[in-house]
Amino acid sequence: MKKGKVLAVVPVYNEADRIIQTIEGLKSIELIDEILVINDGSTDNTREVIEKIGVSTINLTKNHGKGFAMKKAVEDKNYDY
């Protein structure tokens, strides 16, 4: 029996070519309630790709690094795990 909301956070920077495969893999995990992709100021078409795959997103206007992106997820979302 599952207790609590599980949030999977995926920080990305210029990952347009790989992000779909990553998200599809995460979608197959039944324990995950929500997938959040944080686009950390990508300069390719990552933003357009993630907006089409049906997950929550946060788009940062410039690259701040993985730690900043993860902190943003913790601040902006409700989760237990």
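Trainee: Where does Asn 39 lie?

Mentor: Asn 39 sits in strand S2. Keep in mind that this is a predicted model.

Trainee: Which residues does Asn 39 contact, leaving aside neighbours within four places in sequence?

Mentor: The contacts are Val 12, Thr 46, Arg 47, Ile 50, Ile 58, Asn 59 and Leu 60.

Trainee: What makes the pair Asn 39 and Ser 42 a polar contact?

Mentor: The cut-off is 3.5 Å between N or O atoms, with one able to donate a hydrogen and the other to accept it. The side chains of Asn 39 and Ser 42 are joined at 2.6 Å. That value is within 3.5 Å, so the pair is counted as a polar contact.

Trainee: Where does Ser 42 lie, and what else does its side chain reach?

Mentor: Ser 42 is in the loop between S2 and helix H2 (46–51). Its side chain also reaches the backbone nitrogen of Asn 14, at 2.7 Å. Beyond four places in sequence, Ser 42 is in contact with Val 12, Tyr 13 and Asn 14.

Trainee: Why does Ser 42 get its burial label?

Mentor: Its relative accessible area is 16%. The cut-off is under 20%, so Ser 42 is buried.

Trainee: How many residues of S2 are buried?

Mentor: In S2, 7 of its 7 residues are buried. Both faces are covered. Glu 34, Leu 36, Ile 38 and Asp 40 are on one side, and Ile 35, Val 37 and Asn 39 are on the other.

Trainee: What is the strand order of the sheet, and how do the strands pair?

Mentor: The order is S1-S2-S3, in an open sheet of 3 strands with parallel pairing.

Trainee: Why do S1 and S3 count as edge strands?

Mentor: Strand S1 (7–12) and strand S3 (56–60) each have a single partner strand, so one side of each has no neighbour in the sheet. Neighbouring strands are turned by 15 degrees against each other on average, direction ignored.

Trainee: What does Lys 5 touch?

Mentor: Not counting residues up to four places away, Lys 5 touches Asp 33, Glu 34, Asn 78, Tyr 79, Asp 80 and Tyr 81. With Glu 34 there is a side-chain polar contact of 2.7 Å. Phe 68 is another matter: its C-alpha atom is 22 Å from that of Lys 5.

Trainee: What pattern does the chain follow along the sequence?

Mentor: The pattern is β-α-β-α-β-α. That comes to 3 helices and 3 strands.

Trainee: What makes the chain count as compact as a globular protein of its length?

Mentor: The radius of gyration is 12 Å, and the globule rule gives 12 Å for 81 residues. The values are close, so the chain is as compact as a globular protein of that length. The C-alpha atoms fill a box of roughly 40 × 25 × 15 Å along the principal axes.

Trainee: What percentage of the residues count as buried, and what percentage of contacts join residues at least 24 apart?

Mentor: Of the 81 residues, 35% count as buried. Among contacts between residues at least 6 apart in sequence, 62% join residues at least 24 apart.

Technical notes: Residues are numbered from 1 along each chain as its sequence is written. This is a predicted model: local features need pLDDT of at least 70, side-chain atom pairs count only at pLDDT 80 or more; totals for chains, interfaces and linings use all residues. Side-chain values use heavy atoms; hydrogens and water are left out. Two strands pair if DSSP finds at least two bridges between them. Helices (H or I, at least four residues) and strands (E, at least two) are DSSP runs, numbered from the N terminus. Axes are lines fitted to C-alpha atoms, for helices over the stretch in contact, and angles run from 0 to 180 degrees between N-to-C directions. Contact means heavy atoms within 4.5 Å. The radius of gyration is taken over C-alpha atoms; the globule rule is 2.2 Å times the number of residues to the power 0.38. Buried means under 20% relative accessible area, exposed over 50%, partly exposed in between (1.4 Å probe, protein chains only).
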